[in-house]
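Here is a friendly briefing to read alongside the model. Please keep the 3D view open as you go through the points.

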Amino acid sequence: MLENISATKSAGGWHKQFKHHSDSVNCEMTFAVYLPPGISDTNKMPVLYWLSGLTCTDENFMQKAGAHKIAAELGIVIVAPDTSPRGEDVANDDGYDLGQGAGFYLNAEQAPWNTHYKMYDYVVNELPNLIESEFPVSNKKSISGHSMGGHGALTIALKNPNSYESVSAFSPICNPMECPWGIKAFNAYLGDNKDSWKQYDAVELISETNTYLPTLIDQGLADNFYPEQLRTEQFIEAARNNHYAATVNLHDGYDHSYYFIASFIDQHIAFHARHLK
């Protein structure tokens, strides 16, 4: 059952926050939704799911990206879940890059994480089912995200190409099997079997896929996590080797922050709108 915890008018529509009990992650979850003006049961709109990065909640994108105006103009609903399960009984870590705020959009296989950390199931199945049952949206959806959320968007879309119309990412963690953030998280959540890691690595997935999905990535070249943590070049090479036509734009001077996202979010939402409509 949904509980509406906030509602704020924005760009003619409404930004709302909800909480509910999630069976997937076995705890209470929070998500935000932007509902454009004119949405109704007789005017259902498609959905863009946004996945945020390490340490973020559902609030970062909605408050900082400046996405509501273009979403209102193009008739795109935006749904932004939290980045992990949370609560006193939910396993955590002292580091910012593991545990609460760092769910990595996978299904954990090892204790103590596997009790709650099923963010893949939550984003792919439970949340869309909930949104489509509770809001006047169509069954068309796309997915996007930033950093850890970019990793989530790419891997989820590549594993479920028939469920989404398009995928995009800002500064995604493209090759977590080979970067410090990913190695730490995957060891904890998945254990030391590297074969299980491959299903959550965009470089591995794009190397093997035979299904095409419109794909857009923007990466700032002044990003302090590029290239060690993000490994964008490895993604570009893997896509090229598999003849996968991903569009990857590299931008001089831009860093990893929401200033970068706000600079190009209009292009991303317009990209998704072309495929959703």
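Over which ring does the charged end of K141 sit? That ring belongs to Y164, and the charged end of K141 lies 5.4 Å from its centre. Please bear in mind that this is a predicted model. The points below cover charges over rings, aromatic pairs, a helix, a cavity and a pocket.

**Charges over rings**

**Aromatic pairs**
- The structure contains 16 aromatic pairs.
- One of them joins F18 and F31, which are stacked with 5.6 Å between the centres and 25° between the planes.
- This pair links distant parts of the chain, since F18 belongs to strand β2 (residues 13-22) and F31 to strand β3 (residues 27-35), 13 residues apart.
- Both F18 and F31 are buried.
- W113 and Y117 form an edge-to-face pair, because their planes stand at 80°, with the ring centres 5.4 Å apart.
- W113 has 8% relative accessibility and therefore counts as buried.
- Y117, at 1% relative accessibility, counts as buried too.
- Ring pairs also tie W50, F61, F170, Y254, F260 and F264 together in a cluster.

**Helix α4**
- Helix α4 covers residues 148-159.
- How far apart are the end C-alpha atoms of α4? They are 16 Å apart, which agrees with the 16 Å that its 12 residues should span at 1.5 Å a residue.
- Of the 12 residues of α4, 11 are buried, so the helix is largely enclosed by the rest of the structure.
- The buried residues are M148, G149, G150, H151, G152, A153, L154, T155, I156, A157 and L158.

**The largest cavity**
- There is 1 cavity of 30 Å³ or more.
- The largest cavity holds about 40 Å³ of space.
- Its lining is made up of L154, A157, L158, P161, V167, T211, L213 and Y244.
- Which helix gives the most to this lining? Helix α4 does, with 3 residues.
- By class, 7 of the lining residues are nonpolar and 1 is polar, while none is charged.
- An α-helix makes a turn every 3.6 residues, so residues three or four places apart point the same way.
- In the lining of this cavity you will find L154, A157 and L158, and these residues are also among the buried residues of α4.

**The largest pocket**
- The largest pocket has a volume of about 250 Å³.
- It is lined by 14 residues, and those closest to its centre are L54, T55, C56, H146 and H256.
- What is the make-up of the lining of the largest pocket by class? It divides into 6 nonpolar, 7 polar and 1 charged residues.

**A buried loop residue**
- I76 sits in the loop between α2 (68-74) and β5 (77-81).
- Is I76 buried or exposed? Its relative accessibility is 0%, so I76 counts as buried.
- Between the C-alpha atoms of I76 and F18 there are 19 Å, and the two residues are 58 residues apart along the chain.
- F18 is the residue that stacks with F31, and F18 is buried as well.

Technical notes
Residues numbered from 1 in each chain as written. Predicted model: local features only at pLDDT ≥ 70, side-chain atom pairs only at ≥ 80, totals over all residues. Heavy atoms only, no water. 1 Å grid on protein atoms, 1.4 Å probe; cavity = no way out; pocket = protein on both sides within 12 Å on 5 of 7 lines; lining within 4 Å. Points joined across faces, edges and corners; volume = space filled by probe spheres on them. Nonpolar A, V, L, I, M, F, W, Y, C, P; charged D, E, K, R; others polar. Helix = DSSP H or I, 4+ residues; strand = E, 2+ residues; numbered from the N terminus. Expected span 1.5 Å × (residues − 1). Buried < 20%, exposed > 50% of the residue type's maximum accessible area, 1.4 Å probe, protein only. Phe/Tyr/Trp six-rings, centres within 6.5 Å; stacked < 30°, edge-to-face > 60°. Lys NZ or Arg CZ within 6 Å of the ring centre and 35° of its normal.
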